[in-house]
Every structure is written in C-alpha cells, then in structure tokens.
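Hi,

Here is the structure I promised to pass on. Have a look at it first, and my notes follow below.

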Amino acid sequence: MDFELNEEHRLIQATVREFAAKEILPVAAELDHNPRYPAEIIASAAALGLLGLTVPEEYGGAGLDGLANVLVQEELARASAGVQAIVTVQNSLVCDPILRFGTAEQKRRYLPRLVGGEWLGCYCLTEPAAGSDAMSLQTRAERRNGEWVLTGQKIFVTNGLEAQLCIVYARTEPVPGARGISAFLVEKSFPGISVGKVEKKLGIKCSSTVEIVLADCRVPAENLLGARGRGGPIALATLDGGRIGIAAQALGIARAALEECVAYASLREQFGQPIKEFQAIQWAVADMATRIDAARLLTYRAAWLRDRGERCTAEAAMAKLVASETAMWAAHRAVQLFGGYGYIQEYPVERFFRDAKITEIYEGTSEVQRLVISRHILGRR
Amino acid sequence: MTGICIIAGALDGKLSRSSLELIGGARMLQGPLGQEVAAVLLGHGPGLAEAAADLHRHGVGRVYRCDHPLLTAGQTDAVLVAGEQVVRRTGPEVVLIAADTVGRELAPRLAYRLRAALATECVELGVEDGAIVVRRQVYGGRALATLVVRTRPAVLSVKPHALDVPQPAPVAGTVEDVSVAIDAGALPTRVREVLREQAELGLEDAQIVIGGGRGLGGPEGFALLAELAKQLGGAVGASRPPTDAGWVPVNWQIGQTGKTIRPALYIAVGISGATQHIAGVTGSRTIVAINRDPEAPIFSSAHLGIVGDYREVVPALIAKVKELKGA
Amino acid sequence: MEIIVCLKQVVDPELPARDFAIDPATRRQVREGRPLVISTYDENALEVALQLKDRVGGKVTALTLGPQGVAGDAIRLALAMGADEAVAVDDPHGVGLLGVEKARVLTAAIRRIGRFDLVLCGCESADWVERVVGPLLAEALAAACVTFVSRIEQTNGGLLVRRMADEGFHQLEVRLPAVLSVTSDETNRPRLPKVKDIMTARRKPVQVWPMADLSGTPADGDAPGVEVRDVALPERTARCEFLPGDAAAQVAALTQRLRDLKLL
C-alpha cells in the first residue's frame, strides 16, 4: 500500500497552498465579517484550472483524478471554507454530473464555460418539505409543447445567487420516491426561473445560499440530464463525489484549527510558561492531529475507490461523517484552547467553529450518513 | 605580483563613498602582508583631481588615474576593459573592489580574465597566520562564512557599508595618468539612460529608519510612516514585498538585495522578518518591530516588540512623539 | 529566442530558525528533511524568460545542477510554469560547490545544449549569495553581461534591459548573445502553474547528464582559489521584549524606552 502522493499531486497541492496563502488567506476574515461574493478569487481560481479539476482536457479541464480534487479542496478550505464551498459545488455537484450523465452536446455547451469560470453552477435538490428525505421532492416537470415546464421551490442552494446554470431535480413520473425524478439543466436565462430569498447564515458567509423559484419554467427537451426517471440515481451518484468534497472541506477547516492551536500554544504564556507545556494542551493537540489524519485517510480512500470506478457510497459517507464531526470537534476544542481570545472575531478560530458546523449538515446530515453506512452493512429493510 | 590595489570608482565624476570604505579594508591587509596600497581611479571629468586628493587624504599614496569619456555610470564593460589594462600593468597581488552596481559585475569578470581567486560580498577582511581571510554573510544573513584565500592574484569584492570609512591619514601622494584603449564599438552593452529615482535620501546614512512591509496592505500605509519619520527625524524604507508590488520605489528596499543599514534605531512596521530583509538591518543598534502577528519572525531579531495593528499603533506613536516634543 | 534559464534548488530560505543548522563536516547548511524550493531570484529569471517567450516566441530550456532526486522538483515546476524542456546536470555529491565551480559546469552544459540567444539566472542565490555565476558564465561564453536586471525588451539587434542600480535604474542596450542575472520587480512575479500544465509537464523532454560526463567539471582545471574554512552562526541577540497593553500603553512604554536610550 503506497501512502505517498505522486509528484504531480504534490506540486498541485503546493501550488494551491501558495495560491490560497497569497490570495485567499489575507481576505478570509474580511469575507466573513463583511460577506461578499469573492469574484476576483474565483476568477483567479478559474485561471489556475480549479473550477473543473476532473473535467477532461477536451472541455478545457485539467483531467485530474478525484484524489487531486481532495487535495485542492483541503488547501482552499484551510484558507476559507466559504470560498471552497463555491469551488466544490462547481466541481462536484455541477461539472461532475454533466460529465458522467450528460450528452456530448450538453458537455460541449456547458463544461468549457463552467471550467473557465464564465458561468457558475448550482445544484437544486432540497425543498422546504424535502431535506433528509430528498427523494420525496415535489417540484414537478411536465411535458408541454415539446418542452419541459418546471414548477416548484428549491431552497438552500449554494451559489444560487451568482449561478447561470442550475441542475434542478424534479418529478416527471407519477410515482413517489427516487424512481419518479429526473434531472434538468436549467439556465437562469430560461423564462420562469428566479432567485427568491437570500439566506443569512452562521458560517461560510461569502458563498450565497438562496431559494430558487420555478414558476412554469420552460426548459428545452434537450436539457434533460441523463435518462428520464433516472434523476434519483444521478442525484445519489453525484452526492458520493459531493460528500468527498465536503469531507475535504472539513479536513481543511480542522487543519486550520490545529495549526492555529499549535501556533498559539507556543506563544501564549500562563503560569510562567508557554501553554504547550501543559499536558491538557498537549493531549488536545495530539487528539486533533490524530483524528484529522484518520479523517484524511478515509477521505483519500473514498477518492481512490471512486477514481477506480468502484462503488464508494458507504466509504464516502464514512469519510464525510468522520471528517465533519472531526472538524466540528477540533474547531470547538480550538475555541476553548484560545480561551477568551477564541470568542473574539479578531482571531480566526471562532470563524472555523461557525464554518465547521455546516459540514455536519449539508449534502446529507450526519444522521443520513449513518443511515447510508448501516444499510451497507446491515442491508435495507 | 605585488601590492594591494583598490579600484576606486568615480563614475559619477566624484569619488564614491564605497571606494573610501575599501581603504579601510586595505589597511587590514597591508601591514600583516607587508604590501603597499595603490588605487586605480576610474572615471571621467574634472572631479578626478579632487578624487585623487581624497585618496591621498585617506592614506593611499599611489594613485593611477584613468580618465576616459566611457568611464561613466553603469558602463561596466568600459570599466572592465580599463580596469583589466591598468591592473595588468601594475600587477597587484590583491585587488579590492566595492560590490556596488558596477563592482558586483566587475569583480567576477575581472577575476575570470586574470585567472584570479575570487571572493565576493565580503564583510570582513583580515590576515591570519599569513593568509588572507575574509568573511561573508550566507543563508540570508543567518550565518557567516570564513574563507581563506589560497592563491594569487586574488580579487575581493567588499559589501558596501560593511566597512567604515577610515579616519583620514594624509600622505603626500602621487598621481600617474594612465591612458587606456577602449573600443566603444566592441562593447556589447551601453548605458542609454540613467534614471535616478526619487530616493529616500540618506537611507543608508540616517540614524533613524522606519521600514514598511507587506503588512501595510498597500502604498497608503507609507504616508503614515512618512509622518512618523518626519516627527522622529528619520528616513523611510521598505522590505521586498512593497517594492515588488510597486507600492514604493525599488531603491527604498532594505535587505540583502537592496540597502544595508546600520542606524541607531530601526522600526519595522508590518514586516514579517524574512531573513533576506533581516540581513540588511542586523547592524542596527535598536530594532523595534510592530506587527499584528505575534509569531512573525521579525520579533526574533527585534529588541522591542509591539504586537498590534499599525493603523492604531503608529498614529498613537506619532501623537505621543509630538506631545513629548511639545512638552 | 532561445533562452536557457539556470535554476538552483535551495533549502527554503524562510525555514524557521529552529530548523536551520550547519553541518560542520560539509560546512554547509543541513538539507536533510528540509523543504526545498527554487532559489528566489531564479524564479523571477524563469518568469522573465517565459514572458519574453510569450511576447516574441522561441524556446525556454530549464537547466539545473544538483543531486538528481532533488532537482526533479525544480524541473517539474519549471516545466509546469511553461519551460519547454529541461536539462538536469546530476551532481550526486550535491551542494558545496562554490560559484566559480558551478559556473564551469554550467558553461559546459550550456555549450553542450548548443545554441542560445540568452542565458538568465537569479541575481544571487538564496543560500550562498555570491552573485558571481551570471558574470562568470558571460565571460566563459563570450556573451554580454548585465546583472540585477528587472525588465527585458527585445529591440532590433538586441535587447533593452533595466538594471537595478544604487541610485535608481540604468537602461542598457545589450547585444546578443547575453547572460543576464535577474532581480525581482512588480512585473516579474513568478506565475503559479495551472493545474493542467502540471499534468502536461510530464510529457516535456528532460535530459539528465551526469556531471562527470561534462568537461570543465571541478575535477578538471584549477581548484578555486578560495577555501571555505568554516560557517558559523553569529551569537544570538537578547530576546525581544514585548511591550504590553493596548496601543496607548505600548506607545507610552516605547517612547519611554526610546528616551532612556537617548533616541528621542
């Protein structure tokens, strides 16, 4: 078993780390305190090729593997989870399903623009009454005059405000659950789609989270993504990759928390010595480092399986579950270690605490991940 | 081969300060080696007479004066041709060159042509057990390397401002005019223009220097530093990132590449303390660092540290200094 | 334009002080386990070369000298940034060569590469900081020489370059072939490689030449006329005294200390 990253992976990791340090880190706090869409950062990220990492060269991408994506996402999230949220949705929830399930024409039409950063994409699955039970969604799509007409309401859509392309999951068949759902590529310019409420959040503030309203939204027939009635499996296959991306996000946040703790523990003196001399602090740092490494190995393993085309649903769920819970725990521990300073916005750890929480919720809550994992072991009812 | 030869530059029409520093270096060698010191004065114009006199005033008796219209600022190729001709004619054992703009190109090229031993950017010169020993900063100023010069002739370049200008020690000296043949058409480089930047005048001579770094966030921060400098009677410089970003002129740069300063007080504002910057300021008597990051490496080199936002600290400092001056 | 860029791999100059150590046997910095980077100004030289190629066309060859396993990363980055090919001179004993020795080896390598219009290198290496390789290469290759160049433009019959000088800048006309050493400037900040180019770099040609195969190696010719006797760390200065409190308190304490030191 070879645990080494190859040379290209190392160079990619080093390059993104430097990019994040130069362009994201200096404004990360500002992006949280005075949230705005970081247009210039996303443009620079696009120029480097970070918005369509696994998209093949023929569509303008770098043709990298899922492991490279994990490395990139962790480095971005280390600097700003909000910026990384924007990038990971683009990669895993938009480019990836188009790559896997799109027609040649759809790929040709959309991938170059997404990869180049001209267009941002978003993923519209969740509804007010369909969260964890996503497959009970009610947005419907009817055939009318050779087109599809979509009606419904999607919420908690990341990138929804800035996106030009939305992947919308809607019910096309008169059957309940996953079997009745189809996926659609909906351009914001199509009639009948609009942005509704723009949410204010606890964390990842620079990434927009909005409601998307479809009111007789007319979508050309050729914008059906994948086969009709296959939207359920498409959504789930997409989530496998998405969860790996969130696991990487959580790794980045957790590592940020750990690095800040290590720096602070060396500098902060109480009772006549740097606090890193105290066992409680030493153990906290040891636990953090160990748990982060464990989460990282789970994440790498899930990416490796997916790259080989093997089933990875349970492994992706394990990675996301462990990484997100580790990030939340580590960020919480970090705030505590910093004491009063951990509560003050001038120090970054309170932001990690707020950013980490979402990783336990979106793309399937920790409860849903546990469901997925247990089904893999115990089988379905 | 005999003698220690100083290449004294007068390319701007007057004797460069670093040429005088070389005399100090030569003095470290001449006694123990039992060698005489001579100077090759290269330049153009009426100022050369005063330059020669200045050399005599500092104890260099024998001056070979080489006056040629091509020996002007930045014309290394001409200086090299002239320098090589004169050095071959006079045959010294050791040639000392100031590592200024021209000198740092001249020294290795002259050494190559003379097949001489070469040591550059020396900060100390001496003789130990009969051998010439020089010291130079390495690893961004973190360490000092000691080199022994084993063969002759030897070309040694001296880092400007590493040695002090020696005390005058006037001698009755001679000036021999040497004519050199320089074929202008054969020179592969030619200075088209010398652009003098609005220099932070006297950065290298100021007793109080305020340096600004990447932490200032942009060129506007330097206005604040300028005000502080005015109140303290000092000069303003910068570390590499502001000059690379174009926030301030390049010749404000303090560091290994850039100016070496040795003021009584150096205040580093928003400077992280990269080793190549530290290398330019370690000679300062008192270093004060102001930085938001308590981990910044600058604090390892500073005597006094203020962890804080310069946007709060510097105005407060300006106000306090004004108050104390007013009192 | 055929451009050769000399790149040196050094231990990261921003290494924390606690990781910096000198090996008394080699009288050089301990490299084992330390992160390696391309020497600072060599990256600027590479960026200048790439910008010139972008403007006037041609080819950029990256040339390194060092232990092969180590130089590999520098080459990969150079090719990812846009160099067309690379030559790695393998010196298995690694570092420790003085500038004059390196210049001899690089000269032999450049002669073997064949034709060139321009050789670029950093104005100084981040570790040994001798500032000699550029000028020595120019002499050995009978090329024009300018050091501390920040900008280059192509003109009829040659180049127009900007050299950083004590008093400001010099604009020089330079005939080709030329060897220029490069310093940093707002116009030559090294580009980050695109991830796509990191992958395609794999396909670019890299030649590895054992140093012993090149003439002009340190084994030939005269030994350098200087010898490194030792490399020592200067004495540690006193610990920094942090002035406590808010800005007002810190400023009050500072001005008091400056008055005590008769600086105010």
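**Where chains B and C meet**

Strand β7 (residues 143-149) of chain B and strand β14 (residues 226-232) of chain C run antiparallel and are joined by six bridges. Strands here are DSSP E runs of at least two residues, numbered from the N terminus, and two of them pair if DSSP finds at least two bridges between them. Within β14(C), Glu227(C) is the residue opposite Val148(B).

Before you read on: this is a predicted model, where local features need pLDDT of at least 70 and side-chain atom pairs count only at pLDDT 80 or more, while totals for chains, interfaces and linings use all residues. Residues are numbered from 1 along each chain as its sequence is written, chains are lettered from A in the order in which they are written, and side-chain values use heavy atoms, leaving out hydrogens and water.

As for the interface, 86 residues of chain B and 81 residues of chain C are in contact (heavy atoms within 4.5 Å). Together they bury about 7300 Å², with 55% of that from carbon and sulfur atoms; this is the accessible area (1.4 Å probe) lost on putting the two parts together, summed over both. Of chain B's buried area against chain C, 12% comes from Arg104(B), Tyr139(B) and Arg142(B), more than from any other three residues.

There are also eight salt bridges between chain B and chain C, meaning a Lys or Arg side-chain nitrogen within 4 Å of an Asp or Glu carboxyl oxygen. One of them links Glu105(B) to Arg163(C), at 2.9 Å from N to O. On chain B's side, strand β10 (residues 189-196) gives the largest share of the residues touching chain C, eight.

Cheers

Definitions and conventions. Helix = DSSP H or I, 4+ residues; strand = E, 2+ residues; numbered from the N terminus.
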